[in-house]
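Biologist: I would like to learn how to read a predicted model. Where should I start?

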Amino acid sequence: MGSDCLFCRIVAGEIPATVVRETSTTLAFRDIDPKAPVHVLVVPKEHYVDVATLGQGDPVLAGEVLATAAAVAEDEGLLGDGFRLMFNTGAYGGQEVFHVHAHVLGGAPLGPMLTRSLG
Ligand code: 5GP
Ligand code: ZN
């Protein structure tokens, strides 16, 4: 994927980001437009489009993304009061960047899970 993908370019160091944690297979960096006091994105370094392709294509790597997200939550002091972990997926999920990323959100009460109700 590489040069066409924003998050591949962040992984490659071609676009700056505020990195908060890095492992051999994952990178965590602050969202450029935070929606909560803590808003960190966790990506696998390898390009997968979304959590469905990652989860089915490489469940071990998917677990490493979760482990990094948990470590970020701990580092950011979110374990006591709780946090939200979110993978927006596809058009209905509101996904804008098509390199799978977990949103780690916390630092204040986050409100209802969805603002739009059914019906
Ligand atoms: P999505 O809607 O795909 O789940 O989330 C994409 C997220 O990426 C958004 O929260 C957006 O603010 C963030 N984002 C978009 N461009 C950049 C960027 O260049 N750097 C960083 N750090 N975050 C970005
Ligand atoms: Zn990518």
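Modeller: Start with burial: a residue is buried under 20% relative accessible area, exposed over 50% and partly exposed in between (1.4 Å probe, protein chains only). Cys8, at 12%, counts as buried, and Cys5 is buried too, at 5%. This is a predicted model, in which local features need pLDDT of at least 70, side-chain atom pairs count only at pLDDT 80 or more, and totals for chains, interfaces and linings use all residues. Residues are numbered from 1 along each chain as its sequence is written, ligands from 1 in the order in which they are written, and side-chain values use heavy atoms, without hydrogens and water.

Biologist: Which residues coordinate the zinc ion (ligand 2)?

Modeller: Donors are N, O and S atoms within 2.8 Å of the metal (3.2 Å for Na, K and Ca); water is not among the atoms, so sites may look incomplete. Here Cys5 (SG), Cys8 (SG), His47 (ND1) and His99 (ND1) coordinate the zinc ion at 2.0 to 2.3 Å. Their spacing in sequence is C-x2-C-x38-H-x51-H.

Biologist: What is the geometry of the site of the zinc ion?

Modeller: Ideal angles for four tetrahedral donors are 109.5 degrees. Four donors count as tetrahedral if all angles lie between 85 and 135 degrees. The angles at this zinc ion are 105 to 116°, and the site is tetrahedral.

Biologist: How do the residues lining the largest pocket divide?

Modeller: Ala, Val, Leu, Ile, Met, Phe, Trp, Tyr, Cys and Pro count as nonpolar, Asp, Glu, Lys and Arg as charged, and the others, Gly among them, as polar. A pocket is an open set of points on a 1 Å grid where a 1.4 Å probe fits, with protein on both sides within 12 Å along at least five of seven lines; lining residues have an atom within 4 Å of a point. The lining holds 19 nonpolar, 10 polar and seven charged residues.

Methods:
Tetrahedral: all angles 85-135°; square planar, octahedral: opposite > 155°, others 65-115°.
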